[in-house]
Amino acid sequence: MQASHLVKQTLPTILESGFTEQTLDLACGSGRNGLYLVTQGQRVTFADRQQHALDHVSKRLQANRLARYWCVDFEDAESDPLKGLSFSVILVFRYLHRPLMPAIKRAVHPGGLVIYETYTVNQPRFGRPTNPHFLLQSGELETIFDGWEILHHFEGQSISESSGQQQAIAQIVARRPTEATSVRNNLV
């Protein structure tokens, strides 16, 4: 399975930024997006709650020194797994757990990126998922990342790169403000 077009299109921004921290492929599943970034020389932490998914990614990378693996349940209400961690880029695809959003935002290094894509409330017209807990409301991603620099935003229907089926998605590439940016914006 190939990496998302969104990740490929954002790669030049990642490379130009000269990030030194790890990229987090959150709820990575098959790891397709993180795998692509590793092939481009980026350091990636693959995180998923299913160890077999991480084992599969590890097998594909064959002990690549740019990859780390983290078996974690991001939905465990008793923990804050991202607390104290910092990443240059956080990738989130086909996953939505709203209580985790503030932690995701805190875990992005100032000047770092979030690349997020998941289904919207219009998705049930085309198939799964249908549970509203896993579907974004209209404009929700933009609202969550209000105050961040929006480098890319899309919300609507598209053709799934993996299945070729119609889907309803929202995408965002957002840069966390640096302290200098925040101060400058507050003075204007």
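Colleague: Where do the cut-offs for buried, partly exposed and exposed lie?

Modeller: Buried means under 20% relative accessible area, exposed means over 50%, and partly exposed is in between. This model is predicted. Take Q137: its relative accessibility is 44%, so Q137 counts as partly exposed.

Colleague: Where is the place of Q137?

Modeller: In the loop between β5 (108-119) and α5 (140-144).

Colleague: Which residues does Q137 touch, leaving aside those up to four places away in sequence?

Modeller: R98, V121 and E155.

Colleague: Now helix α1. Which of its residues are buried?

Modeller: Start with the general idea. An α-helix has 3.6 residues a turn, so residues three or four places apart point the same way. In α1, the buried residues are L6, V7, T10, L11 and I14. Their cover includes α2 (32-39), β4 (87-93), β5, β6 (149-159) and β7 (166-175).

Colleague: How many residues does α1 have, and what distance does it reach?

Modeller: Helix α1 runs over residues 5-17, 13 residues in total. From first C-alpha to last it reaches 19 Å, close to the 18 Å expected at 1.5 Å a residue.

Colleague: Where does the kink in α1 lie?

Modeller: At L11, shortly before the proline P12. The kink is about 40°.

Colleague: And the ends. What caps the N-terminal end of α1?

Modeller: S4 does, with a side-chain oxygen 3.0 Å from the backbone nitrogen of L6. Just after α1, G18 takes a positive phi of about 60°.

Key
Residues numbered from 1 in each chain as written. Predicted model: local features only at pLDDT ≥ 70, side-chain atom pairs only at ≥ 80, totals over all residues. Heavy atoms only, no water. Helix = DSSP H or I, 4+ residues; strand = E, 2+ residues; numbered from the N terminus. Buried < 20%, exposed > 50% of the residue type's maximum accessible area, 1.4 Å probe, protein only. Contact = heavy atoms within 4.5 Å. Expected span 1.5 Å × (residues − 1). Bend = angle between axes of the 7 residues up to and from the residue. Polar contact = N/O pair within 3.5 Å; in protein donor to acceptor, adjacent residues only side chain to side chain.
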